[in-house]
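Please look over the sequence and the model first.

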Amino acid sequence: MTPLEMTAVLLSGVVGGALNTVVGSGTLVTFPVLLAVGLPPVTATVSNALGLVPGSVGGAIGYRRELRGRRRRVLRLGACVLPGGLVGAWLLLVLPGAAFDMIVPVLVGLALVLVAVQPRLNARMRERRGRTGRAARQDGGPALSAGLALASVYGGYFSASQGTVYLSLMGALLDDSLQRLNALKTVLVGMVNTVAAGFFLYAAEFDWTAVLLLAAGSAVGGRTGAGLGRRLPQAALRAVVLAWGTVALVLLLIR
């Protein structure tokens, strides 16, 4: 890479790490840059997965206050996402890209709808629980476990808008604040990226220069993104998720 290309990859890591922490879809910034500097698509995807792991770690550290008291939930949901991430990483190396290209825009579009209707959906669920006297399930039940597992297959494969899908599922099925769910989303995305990255280290080709530049940038961006996300009111955070998610959907449709 030329110095200019290296700078572009580094800066994309900062932006991508921040976006992944705040809303998800940071891959839609980093992946095109890796393609633009000459990496083949699969090599770019693998390098991207490896390079964004420090960003998730930085985001989780930044959100540590929101994660207090959520250890059991993190472990339970983490057990759901890790196998899916490994399967998705394997599929990246054995399936043609066209298979997932058809599914991804639909998945992201449905996730945006869920994020948009989440407040009304949660209100109706609370009203129903009030009538029946049934308490909210702290773990989201089988529906959340299955949804996160399936979303993690996609996350291990490509990861763009993975966080948006997680956030929409948890927002619909867990009774908690959007900030706490966003912190949980950051940890789960980090788990999937880590298990996929571990698989890629042994089974796929990647570009060390791109990985190291993305890692340095995403570590800074992830920590910064947590601070920015925490300052946003819930309504503003939801608006940012919807706005960037819409941009992500358009980019996925035209890429």
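The model is predicted, and local features need pLDDT of at least 70, side-chain atom pairs count only at pLDDT 80 or more, and totals for chains, interfaces and linings use all residues. Residues are numbered from 1 along each chain as its sequence is written, and side-chain values use heavy atoms, with hydrogens and water left out.

**Helix α3**

Helices are DSSP runs (H or I, at least four residues), numbered from the N terminus. Buried means under 20% relative accessible area, exposed over 50%, and partly exposed in between, with a 1.4 Å probe and protein chains only. Nine of the eleven residues of α3 are buried, so the helix is mostly covered. Among the buried residues are Thr-43, Val-46, Asn-48 and Leu-50. The cover over the buried residues of α3 includes α2 (27–36), α4, α6 (71–94), α9, α11 (178–203) and α12.

Asn-48 lies in α3, which spans residues 41–51. Its relative accessible area is 1%, so Asn-48 is buried. Contact means heavy atoms within 4.5 Å. Apart from neighbours within four places in sequence, Asn-48 is in contact with Thr-27, Thr-30, Phe-31, Leu-34, Ser-159 and Leu-214.

**Two helix pairs**

Axes are lines fitted to C-alpha atoms, for helices over the stretch in contact, and angles run from 0 to 180 degrees between N-to-C directions.

| Helix pair | Angle | Axis distance |
|---|---|---|
| α4 (residues 53–62) and α12 (residues 208–231) | about 30 degrees | 7 Å |
| α9 (residues 141–157) and α10 (residues 162–173) | about 175 degrees | 10 Å |

Angles under 35 degrees count as roughly parallel, over 145 as roughly antiparallel, 65 to 115 as roughly perpendicular and the rest as oblique. By its angle, α4 is therefore roughly parallel to α12. Residues making this contact include Gly-55, Gly-58 and Gly-59 of α4 and Ala-215, Ala-219 and Gly-222 of α12.

The angle of the other pair makes α9 roughly antiparallel to α10. Its contact residues include Leu-144, Leu-148 and Tyr-154 of α9 and Val-165, Tyr-166 and Leu-169 of α10.

**Salt bridge**

A salt bridge is a side-chain nitrogen of Lys or Arg within 4 Å of a carboxyl oxygen of Asp or Glu. By this rule there is one salt bridge. The side chains of Arg-65 and Glu-66 form a salt bridge at 3.7 Å, N to O. Glu-66 is buried, with a relative accessible area of 10%, whereas Arg-65 is partly exposed at 46%.

Methods:
Helix = DSSP H or I, 4+ residues; strand = E, 2+ residues; numbered from the N terminus.
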